Amino acid sequence: MLRNLHVRNLALIEEAEVDFSSGLNILTGETGAGKSIIIGSINLALGEKIVKEMVRENEKPALVELIFEVEDEQVRQQLLAMEIVTEENEVIMSRKISGGRSVARINGESVPISKMKEVASLLIDIHGQHEHQSLLRKKKHLEILDDYAKEALNEHKEKLKENYSIYQKLKKELEEFSLDEEARMRELSLLEYEVHEIEEASLKPGEDERLETDYRRMSHGRKIMEALSISQDLTASMSEGASERIGRALRELGSVSDYDERVLTLVGELTEIDNLLNDFNRELADYITDAEFDEETFLETERRLDEVNHLKAKYGNTIEKVLEECTAKQKRIEKLQDYDTYRKEVNDRMEKIQKTMEKLCDKVSNIRKKYAKKLTEQVEAALVDLNFLDVHFTMEFETLTDYTANGRDDAEFLISTNPGEPPKPLGKVASGGELSRIMLALKTVLAENDKIGTLIFDEIDTGISGRTAQAVSEKMNVIGKGHQVICITHLPQIAAMADSHYQIAKEVVGKNTVSSIRRLTEEESITELARMLGGVKITDTVLESAKEMKSLAQNTKNS
């Protein structure tokens with residue numbers, strides 16, 4: 001369960017800390033007080049994308065920290081498999097945001113966002129404000145079923161995914177070989193020409209770089225020779241060259257070196273310079289001798305470089321890629337030369353993989369149908385608790401025309417809310433409020449199946465009121481007995497059921513508007529219920545109604 005939430009410098013919150021309890025935790029407050037910021041900050045700590053509007057416009061870093069208490073041994077073992085060690089049964093997840101960058105940590109150790117999300121999936125499930133709208137997409141229905149049946153399905157789905165990849169490759173190969181004899185011969189002729197063109201060139205890896213260097217040197221040969229000649233005159237000339245001048249300087253210093261040790265040191269340094277210059281002049285003379293311009297060699301280098309660049313432009317931007325392309329074309333030639341044999345081989349492999357796919361798809365489909373029956377029965381029971389009095393909830397399966405990585409099932413939830421009416425797709429029957437309750441029922445069943453410790457519901461009361469609101473509040477109470485539930489609500493019927501009631505308020509401090517959260521006492525909770533019932537003016541009658549609502553809720557909780 002989520003024990004503690006600490007938020008600093010995020011949106012309207014300068015700093016807030018709250019300890020949550022077990023059971024049903026209710027969060028209420030005026031519209032715009034910052035309720036969504038609380039859920040948003042929890043989402044941030046669990047690895048969700050940073051929303052620009054959440055970060056305050058100052059240089060102070062934002063921080064969100066969650067402390068979970070993990071009591072379930074199975075969950076602890078799953079965390080251990082991820083190399084997350086629970087210290088005193090606690091897991092601390094935090095995220096610091098500074099300068100557009102964030103650092104995620106688990107138990108003080110930096111981790112990638114993907115790991116934050118993976119760990120979060122074991123500890124908490126968040127139902128967002130508009131998540132129920134996803135039920136209008138058929139694809140979501142199969143995802144929900146697969147999540148419910150994942151222990152039985154995962155191994156088979158992995159095999160299905162692996163075999164589907166092979167199936168796709170073979171399918172592509174067969175499509176590529178759908179050629180008539182004329183087209184086959186035409187392609188074969190072109191490939192043979194291209195392979196001959198590459199092989200004739202006898203390319204060698206790295207040859208292009210060497211040719212580029214040689215060509216660059218040769219194409220600037222005259223300029224290089226002029227520079228070399230001038231350098232030789234300046235350093236090696238017997239009259240005004242540097243070598244002659246250094247020699248004269250050495251003779252002059254040598255004649256007086258016996259009189260002063262510092263002069264002797266200078267003689268040694270200049271001697272070293274003279275030696276280095278002599279070495280340089282020898283290397284320079286050798287280079288000039290070797291660098292004589294050869295027109296024929298230059299033209300041959302230029303021709304070869306043009307040939308190599310032509311092949312690179314045609315088949316790949318490096319010699320290595322040109323050679324790889326040549327190998328691929330040779331393999332294609334082999335296939336085209338023995339076209340019938342190869343096509344038969346691919347067809348045989350395709351038939352084999354199709355049989356495997358058929359078996360896997362049937363296996364996955366049978367598991368899904370078995371678990372769909374269990375899921376829909378449990379959801380239907382939960383919907384009855386949520387004031388769907390004459391409801392029938394089921395799942396319909398159809399078979400796709402071709403295989404997919406997820407099998408061949410096209411499944412959809414159907415619902416009937418009136419006696420005698422056949423079940424229909426959710427989008428054609430359910431209103432917004434009904435979709436909210438259906439999603440609540442699904443979340444409840446999935447949470448029981450997954451043993452998730454904490455459930456968060458952000459305004460699950462969308463589109464409901466009256467008796468239905470009371471039914472939802474009673475359902476939330478039941479869920480709260482087996483899980484920690486954190487719920488943001490506008491309905492007093494749900495708020496009255498709280499085991500712990502928190503108020504989120506907004507106020508102006510100095511020149512800034514800030515949000516805060518605090519746990520209410522029993523008396524304060526009744527006052528908050530009265531505000532939710534009566535609006536701006538809380539009369540004695542409204543206050544009495546709030547007390548009665550709280551008392552009735554307590555009786556329900558105790559029954």
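**Reading strand β13**

Student: Is strand β13 (residues 484-488) enclosed or open, and why?

Tutor: Strand β13 has 5 of its 5 residues buried, so the rest of the structure largely encloses it. Buried means under 20% relative accessible area, exposed over 50%, partly exposed in between (1.4 Å probe, protein chains only). Strands (E, at least two residues) and helices (H or I, at least four) are DSSP runs, numbered from the N terminus. This is a predicted model: local features need pLDDT of at least 70, side-chain atom pairs count only at pLDDT 80 or more, and totals for chains, interfaces and linings use all residues. Residues are numbered from 1 along each chain as its sequence is written, and side-chain values use heavy atoms, leaving out hydrogens and water.

Student: Which residues cover the two faces of β13?

Tutor: In a regular strand, side chains alternate between the two faces of the sheet. In β13, Q484, I486 and I488 lie on one side, V485 and C487 on the other, and all are buried.

Student: Which strands pair with β13?

Tutor: Two strands pair if DSSP finds at least two bridges between them. Strand β3 (residues 24-28) runs parallel to β13 over 4 bridges. There, I26 stands opposite C487. Strand β12 (residues 454-458) is also parallel to β13, over 5 bridges. T454 has Q484 as its bridge partner.

Student: What should helix α15 (residues 432-450) span?

Tutor: At 1.5 Å times one less than its number of residues, the 19 residues of α15 should span 27 Å; the end C-alpha atoms are 26 Å apart, which agrees. Just after α15, K451 takes a positive phi of about 60 degrees.
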